[in-house]
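I set out to record what can be looked up in this structure, entry by entry.

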There are 2 protein chains.
Amino acid sequence: MRKSVVCFLCGWLVLPSAFPADSGPLAGYSETSARAERDWEAKFRAIPDTANLRAYMQRLSARPHHVGSPYDADNAEWLLGKLKEWGLDAHIETFDVLFPTPKERALEMIAPSRFTARLAEPTEAVDPTSGQHDEQLPSYNAYSIDGDVTAPLVYVNFGIPEDYETLDRLGISVKGAIVVARYGGSWRGIKPKVAAEHGAVGCLIYSDPHEDGYFAGDVFPAGGLRNRDGVQRGSVMDMPVYPGDPLTPGVGATKDAKRLPIDQAVTLTKIPVMPISYGDAQPLLAAMTGPVAPPAWRGALPITYHLGPGAMKVHFKLASTWGLKTLHDVIARIPGSSEPDEWIIRGNHHDAWVNGADDPVSGAVALLEEARALGMLLKQGWKPRRTIVYCLWDGEEPGLLGSTEWAETHADELRRTAAVYINSDSNGRGYLQMSGSHTLEHFINGVAREIPDPESKVSVWQRQQFRRIANPMPGQTPQERQELRSRPDLRIGALGSGSDYTAFLDHLGIASIDLGFGGEDASGIYHSAYDDFYWYTHFSDTTFVYGRALAQTAGTAVIRLADAELLPYDFDDFTDTVRRYVQEVEQLAREKRDQIIERNRQIDEGLFAAINDPRHPMGEPAKEPVPPFLNFAPLENGLAALDRTAQLYKQALVQANANGGSALARALLRDANARLIAVERALTLSDGLPNRPWFQHQIYAPGFYTGYGVKTLPGVREALEQKQWPLAEEQIARVGKVLENAGEAIQGAASALGQAVK
Amino acid sequence: MRKSVVCFLCGWLVLPSAFPADSGPLAGYSETSARAERDWEAKFRAIPDTANLRAYMQRLSARPHHVGSPYDADNAEWLLGKLKEWGLDAHIETFDVLFPTPKERALEMIAPSRFTARLAEPTEAVDPTSGQHDEQLPSYNAYSIDGDVTAPLVYVNFGIPEDYETLDRLGISVKGAIVVARYGGSWRGIKPKVAAEHGAVGCLIYSDPHEDGYFAGDVFPAGGLRNRDGVQRGSVMDMPVYPGDPLTPGVGATKDAKRLPIDQAVTLTKIPVMPISYGDAQPLLAAMTGPVAPPAWRGALPITYHLGPGAMKVHFKLASTWGLKTLHDVIARIPGSSEPDEWIIRGNHHDAWVNGADDPVSGAVALLEEARALGMLLKQGWKPRRTIVYCLWDGEEPGLLGSTEWAETHADELRRTAAVYINSDSNGRGYLQMSGSHTLEHFINGVAREIPDPESKVSVWQRQQFRRIANPMPGQTPQERQELRSRPDLRIGALGSGSDYTAFLDHLGIASIDLGFGGEDASGIYHSAYDDFYWYTHFSDTTFVYGRALAQTAGTAVIRLADAELLPYDFDDFTDTVRRYVQEVEQLAREKRDQIIERNRQIDEGLFAAINDPRHPMGEPAKEPVPPFLNFAPLENGLAALDRTAQLYKQALVQANANGGSALARALLRDANARLIAVERALTLSDGLPNRPWFQHQIYAPGFYTGYGVKTLPGVREALEQKQWPLAEEQIARVGKVLENAGEAIQGAASALGQAVK
């Protein structure tokens with residue numbers, strides 16, 4: 001009887017219930033299947049055990065395990081063994097990638113006085129793994145070119161493009177100089193890239209204690225913050241152009257792959273670059289002369305920050321061993337019982353810069369515990385409809401190598417099958433951070449409502465909502481404050497880059513989610529030798545309750561996606577979000593225009609000359625042509641198409657709900673699901689973004705000049721930011737068309753769903 | 001012929017001309033007299049000589065000259081001699097005031113380790129006067145009570161009321177503790193006052209290098225900023241209750257004045273307090289334990305800032321010699337030729353904490369050069385209509401003693417005669433800062449338009465306007481930006497306290513203006529032994545061109561006010577400004593209400609419990625009763641009265657203009673001027689502000705909890721800030737009535753002017 005199956009698919013149509021939401025409708029499920037699903041999910045969430053998480057972490061972080069190290073391969077084998085032990089079909093997939101490791105590093109001041117940088121992280125007696133120097137990678141930035149330079153030093157703040165505009169106005173050039181930038185303000189790889197664009201011959205990056213040291217809290221080992229010798233390693237590959245192996249752009253780095261010669265790999269840096277501690281940076285910065293740095297550029301060292309250049313000279317030498325190393329991706333597969341060709345993929349990397357208890361092991365152990373729990377469910381008779389793929393990536397740290405090469409190798413299959421990719425990385429105490437495709441915003445909100453927060457006992461969703469209410473963003477309007485309470489779903493962040501979702505979302509157009517807890521503990525061991533088991537169990541999620549919460553959250557999402565009769569994408573939140581992006585770029589265009597008009601006027605009035613302080617001269621900016629008004633109609637039309645088709649899809653859902661799920665024809669439902677999966681693909685263009693074809697998604701991309709930080713509607717936004725007006729107009733048309741394509745895809749899904757209901 | 005005298009008084013009615021504005025109409029002058037006036041003003045402005053300013057400074061700052069010191073009296077005699085030499089009728093007026101000087105100061109950490117504070121500013125070899133230790137006052141806070149306390153230390157940030165709310169939420173009490181506060185965030189005297197209110201037994205105030213040290217720039221003697229041993233002396237008298245001699249509130253401290261016993265002087269501190277250098281503060285702060293201070297509380301010392309209290313104990317001892325000292329105010333008078341009973345008063349103090357080249361000598365030498373120039377004009381036949389009084393105050397530093405006692409002594413005469421008081425204090429390179437009574441906003445803008453800026457050659461008015469356009473205030477609206485260019489007058493600041501205008505404006509209701517240049521050089525010698533001739537001639541207005549500009553500005557204002565046929569008060573800008581204040585307090589009431597409602601809601605929802613971090617616990621705030629809606633009609637009605645009568649006055653001016661000035665009857669004009677002078681008096685109430693009757697002005701006052709920082713409509717605003725709703729409503733009615741009184745006074749002036757014109 002149809003009456004008995006009311007409320008199929010109606011999770012979209014009711015307001016969210018308060019926690020605990022362990023009953024009631026479930027989006028994508030009929031009433032009967034929702035009940036069964038909730039049972040499986042509840043069983044699943046009871047399994048993850050903090051003692052296991054702790055034990056896994058102790059094992060995985062016991063020794064340094066960077067790409068190419070013995071313990072990296074050893075960990076992969078151990079992971080494989082565990083997955084198999086739990087009954088999963090697992091294997092290791094290898095790739096051979098370019099990975100340089102340093103053989104020579106030197107930094108010294110040679111004038112006006114002499115100082116030689118230590119470039120080493122000493123053993124801390126209380127920390128048992130901090131002394132494994134034989135196995136540790138020294139502090140360096142991977143994919144820096146080799147070099148040997150002697151030059152004056154210029155302090156460039158964060159080293160982002162605006163900082164060079166300020167230096168210009170102050171009459172300071174970095175041409176022929178070594179720049180010293182502090183970490184922060186952008187992803188590190190941007191700093192040497194912009195420095196090289198401005199003619200610098202070398203780049204040092206240091207951790208200022210203001211962002212990452214005693215200013216933020218007590219330093220290791222008394223506290224969790226970075227001490228004077230701690231160094232942030234990290235990749236400086238030009239990932240905004242393409243991530244993964246520099247020698248095999250766009251294709252998997254398999255044994256026989258065609259490889260570029262190293263000198264054609266455009267993602268290597270143009271100048272040598274090295275990270276240093278604030279202990280090593282302080283004598284250099286203290287000896288600098290030249291103008292005093294602007295207030296916002298000053299850090300927390302007990303010195304007056306000067307910009308240089310002066311009589312000071314620095315010698316900096318760097319040489320690496322360049323060669324191929326083997327990656328070990330560990331992949332486990334649970335075949336779908338009825339829809340084996342629709343994949344739900346879950347990943348976290350296992351490689352680290354050194355011991356990596358926090359990054360990535362804290363996330364990897366949650367994933368591992370999920371896998372164990374899924375194994376147990378399978379033994380109890382659980383049969384996921386879709387195929388589930390669990391992945392422990394290698395080589396994330398140097399450049400998202402393992403995930404990118406795997407995604408590129410399996411690109412065709414993934415484009416055909418992959419429904420959702422769920423990522424995690426480091427994990428800590430605090431609040432659930434949700435970012436990803438806004439077609440999944442409603443879905444992941446539903447999951448978050450069911451996970452109890454370990455500290456407060458309200459749901460992790462509720463705690464995040466409370467936090468946003470309690471800590472308003474600067475400049476929050478009354479409407480935004482109101483929305484925090486009234487909008488059924490919490491807004492999720494958009495994804496830039498910095499972890500393994502990148503190839504899935506940006507290159508292949510697979511709807512993706514990134515999950516992790518954090519925000520309660522200041523951490524200062526990122527990419528240092530002190531990111532280890534001692535640190536994690538003293539200063540982070542010491543009882544692993546947030547590790548368990550991550551396993552519960554991500555695992556629930558995986559199961560719910562794998563079991564759903566209809567994939568729970570949602571196009572209302574998506575359209576609502578795209579509308580905001582469109583409004584933002586329209587406003588950006590207006591502001592750019594207004595700013596240029598205003599500045600030109602100020603130049604004409606003689607303002608800059610009149611307020612110049614002869615003792616601290618600032619040059620007058622150059623006049624710029626006033627930007628034209630741009631035609632935003634294509635974006636508006638694309639948005640209208642989204643709006644219209646999202647409505648159609650909702651109507652189809654309502655109809656499905658009214659008719660009851662049991663009437664749905666399996667084959668037609670399969671068609672509807674296939675068309676739903678295709679929506680995210682429709683947001684890509686195969687020739688990608690301007691000057692970086694690897695990045696195909698037209699809604700989200702890491703910024704060309706931010707590195708990790710996202711740019712939404714990137715083609716349009718970056719053209720505007722870079723004042724390339726004709727390009728901006730071109731991109732508006734392209735992206736408008738993409739939105740129309742997505743609208744067509746949504747309409748296709750709505751029709752298919754309508755067909756299935758008939 | 002009437003036609004020949006068009007444009008009398010029409011300076012109000014034309015838009016400001018661009019610089020140079022040395023011709024055209026002049027507010028308060030007929031066309032003929034304007035021409036003569038401009039000639040005298042031009043002659044005047046040609047006189048001030050930078051070489052003289054330099055020589056005066058070298059003489060006045062050659063030795064320490066605090067209240068009661070030999071060189072203080074010596075300077076007064078020298079000033080007197082100069083004024084007489086230039087032909088002015090000058091004398092010294094003395095008062096006997098309570099002024100404590102320290103005989104014992106000790107500060108040491110006794111647990112967990114030992115450290116004894118240095119409490120001394122060493123000689124700097126390059127600086128010839130820094131070694132005059134025999135004559136220097138040691139670093140201390142005047143009017144701290146004596147004490148000898150041993151207690152734990154708690155860091156209270158700036159030590160303002162909000163900081164204690166934060167400490168409360170963090171579960172930290174200062175009861176029985178010594179607090180250590182950094183300078184900044186309020187006037188220093190607020191820190192021990194609020195600490196005592198919260199039960200602290202002692203208070204240390206240190207100069208954090210973030211606000212006042214190497215963070216801001218190179219330190220002395222390499223640069224102008226405070227070095228590790230520099231200490232900011234200063235008064236901690238509770239001046240927001242009443243300034244001046246603590247023993248003679250409200251009356252002049254003449255030889256025979258009735259004096260309070262010291263123990264009844266409420267403006268002494270309740271707990272001992274002492275200023276220290278960051279060199280002395282660092283070992284104490286570094287040894288503290290307890291929670292890490294909130295991010296906004298952290299300074300620029302290379303430590304993690306902790307709040308305490310912990311095992312640490314500090315011993316702090318202070319004992320002063322308490323006794324009367326003699327002040328020497330130097331007063332010169334130029335009698336008015338036709339209106340001897342209308343006074344224009346100009347003042348700057350001459351006493352310093354130590355050598356005081358910047359504070360106050362840089363301002364005093366400008367005043368002195370003005371006096372010399374006026375003496376020259378008199379010899380050339382200039383005859384000011386009104387009486388001009390030039391004052392060099394003693395005892396400003398300890399508590400505005402010299403100006404307050406003089407104003408209290410001559411209160412009756414001043415209330416009858418004083419039209420305007422023009423103040424200055426320290427002076428440096430940069431922008432003209434104008435603050436004061438908004439009845440003079442239009443006038444002082446007119447003066448500023450005629451003074452060339454020494455560096456840019458545009459007018460100092462234009463340069464200030466450009467600066468405001470170039471550096472928008474945070475959160476500036478497009479309307480405010482637009483106003484910066486379109487409003488004929490630059491808005492001037494309202495006066496709080498911190499210099500000698502206080503008794504004139506706040507106690508007697510005399511329209512006042514404070515002038516000074518600054519903003520281009522960061523300075524770190526405030527109230528230290530390094531504020532001396534060496535410092536000033538290396539790091540401030542080294543060529544004295546801004547000293548000359550100050551003399552030109554203030555002197556032009558004095559002459560123009562003294563010579564005007566009709567006093568150039570303006571009630572349009574004044575009404576415009578009061579309207580903003582009324583809107584502000586209305587918005588403050590709304591915001592307070594909204595905030596309390598929102599916070600109560602958050603408490604009810606369990607938000608604070610849910611977002612509590614068990615490792616860094618924050619207590620839940622207490623629920624508060626929702627404030628009632630208040631009746632703001634009296635303020636609105638008062639504002640309407642201002643609006644209406646300002647219009648009437650403007651019409652009377654137009655009529656006067658149409659009729660021509662020559663038709664004005666001298667006696668009736670005198671009546672109009674007297675009524676104009678009375679308008680500022682009408683803004684006072686003889687019983688003053690709640691709990692501080694000495695402060696009679698109802699539009700401006702220093703904040704009870706800010707000290708120097710102004711509170712406009714203080715009775716209303718502070719009642720709202722302190723959540724005293726019935727008091728707020730009472731004050732709204734009182735201040736509304738005051739605005740109506742002022743409206744009546746303006747109407748009286750309008751009628752008198754109308755009579756004069758007939």
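Entry 1, a strand pair. I looked up strand β15 (residues 418–424) of chain A and found that it runs parallel to strand β17 (residues 511–519) of chain A, with five bridges joining the two. I note that the model is a predicted one. Within this pairing, I traced A:Asn423 to its bridge partner in β17(A), which is A:Asp514.

Entry 2, the sheet. I then followed the strand order of the sheet and read β1-β12-β14-β13-β15-β17-β16 in chain A, an open sheet of seven strands with mixed pairing. Which strands stand at the edges? They are β1 (89–98) and β16 (430–436) of chain A; each has a single partner strand, so one side of each is left without a neighbour in the sheet. From one strand to the next, I recorded an average twist of 20 degrees.

I looked up the largest nonpolar core and found 432 residues in it. The residues with the most contacts inside this core are A:Ile178, A:Val179, B:Ile178 and B:Val179. Leaving aside neighbours within four places in sequence, I listed the contacts of A:Ile178, among them A:Val149, A:Leu153, A:Val201, A:Leu204 and A:Phe316.

I counted 29 residues from chain B and 29 residues from chain A in the contact. On the side of chain B that touches chain A, the elements giving two or more residues are α13 (460–470) and α19 (607–610) of chain B. The largest share of that side, six residues, comes from α13(B). By class, I found 16 nonpolar, five polar and eight charged residues there.

I compared the axes of helix α18 (residues 572–605) and helix α22 (residues 714–721) of chain B, which come within 10 Å and cross at roughly 10 degrees. The angle is under 35 degrees, and α18(B) and α22(B) are therefore roughly parallel to each other. On α18(B) the contact is made by B:Val585, B:Leu588, B:Ala589 and B:Lys592, and on α22(B) by B:Val716, B:Arg717 and B:Leu720. I classed these residues as five nonpolar, no polar and two charged.

I found a cis peptide bond from B:Gly308 to B:Pro309, with omega near -20 degrees. B:Pro309 is placed in the loop between α7 (278–286) and β11 (313–321) of chain B. The bond from B:Asp359 to B:Pro360 is also cis, with omega near 15 degrees, and B:Pro360 lies in helix α8 (residues 357–379) of chain B. B:His527, in the loop between β17 (511–519) and α16 (533–539) of chain B, has a positive phi near 60 degrees. Is B:His527 buried or exposed? I recorded B:His527 as buried, because 23 other C-beta atoms lie within 10 Å.

Technical notes
Residues numbered from 1 in each chain as written. Chains lettered and ligands numbered in written order. Predicted model: local features only at pLDDT ≥ 70, side-chain atom pairs only at ≥ 80, totals over all residues. Core = buried A, V, L, I, M, F, W, Y, C linked by C-beta atoms within 7 Å. Buried ≥ 20, exposed ≤ 12 C-beta atoms within 10 Å, placed from the backbone. Contact = placed C-beta atoms within 7 Å. Helix = DSSP H or I, 4+ residues; strand = E, 2+ residues; numbered from the N terminus. Nonpolar A, V, L, I, M, F, W, Y, C, P; charged D, E, K, R; others polar. Axes fitted to C-alpha atoms, helices over the stretch in contact; angles between N-to-C directions. Parallel < 35°, antiparallel > 145°, perpendicular 65-115°, else oblique. Pairing = 2+ DSSP bridges.
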